[in-house]
Amino acid sequence: MEFIPTYVCPNCGKIMKIIGTECPFCNKTFTKSEIDDMYFVCPSCLSDKIEMVLNDSNNVPNLGFTFTKAKYSAIIDLAQASVNSGMSPSFVCKNCATNFNSTNFYLTSNITGKYKVDQKISAKRKTRKIIVAIVAILMSLILLFIVLFN
């Protein structure tokens with residue numbers, strides 16, 4: 001089983017797949033220990049409250065346990081142990097009920113990574129709203145001058 005997580009870059013806050021050892025957006029390099037020390041979170045809501053379900057060879061759930069603030073290295077060890085025993089792990093977010101597997105989970109350097117990403121998105125939205133408002137005001141003034149001086 002291959003684990004291909006997505007992570008939130010602790011340097012620039014952008015979300016990307018772990019391919020190689022550097023962020024393609026800001027070029028920050030990462031060591032294996034930095035990635036192993038990241039927290040395992042839901043890809044939908046970035047909650048750290050996750051249930052790991054162990055399925056048998058017929059994909060029937062046999063065992064599930066919930067964890068919080070789990071590090072990537074611990075999850076990899078648990079998942080590999082389950083694969084070695086003939087089970088296949090799947091994951092369910094206890095916050096939003098999203099089901100995900102080993103190819104679509106997120107890693108973040110801190111549990112509040114969601115808020116950093118949300119703040120950047122919110123700041124971009126505010127900037128766009130301000131620009132749109134300024135353009136609308138300028139267009140209104142131009143139209144007013146055209147009407148008054150023609």
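Leucine 138 is found in helix α3, which covers residues 113-148; a helix here is a DSSP run of H or I of at least four residues, a strand a run of E of at least two, and both are numbered from the N terminus. With a relative accessibility of 46%, leucine 138 counts as partly exposed, because that class lies between buried, under 20% relative accessible area, and exposed, over 50%, with a 1.4 Å probe and protein chains only.

Before I continue, two remarks on the source. This is a predicted model, in which local features need pLDDT of at least 70 and side-chain atom pairs count only at pLDDT 80 or more, while totals for chains, interfaces and linings use all residues. Residues are numbered from 1 along each chain as its sequence is written, and side-chain values use heavy atoms, leaving out hydrogens and water.

Let me turn to the overall arrangement. The protein chain holds three helices and eight strands, and from the N terminus they follow the order β-β-α-β-β-β-α-β-β-β-α. Of its 150 residues, 33% count as buried.

Four strands form an open, antiparallel sheet in the order β5-β4-β6-β7; two strands pair if DSSP finds at least two bridges between them. Its edge strands are β5 (61-67) and β7 (99-100), each pairing on one side only. Inside the sheet, six bridges join β4 to β6, and methionine 52 stands opposite phenylalanine 91 in β6.

What is the size of the largest nonpolar core? It has 25 residues, and those with the most contacts inside it are Phe40, Ile50, Phe67, Phe91, Phe100 and Leu107. A nonpolar core is a set of buried Ala, Val, Leu, Ile, Met, Phe, Trp, Tyr and Cys residues joined through side-chain atoms within 4.5 Å. At least two residues of this core come from each of β4 (50-55), α2 (72-84) and β6 (88-93). In soluble globular proteins, nonpolar side chains tend to be buried together. Leaving aside neighbours within four places in sequence, phenylalanine 100 is in contact with several residues, among them Phe40, Ile50, Phe91 and Phe105.

Finally, lysine 17. Its place is in strand β2 (residues 15-17), and at 36% relative accessibility lysine 17 counts as partly exposed. Lysine 17 and leucine 107 are 90 residues apart in sequence, yet 9.6 Å apart in space, C-alpha to C-alpha.

Note on methods. Contact means heavy atoms within 4.5 Å.
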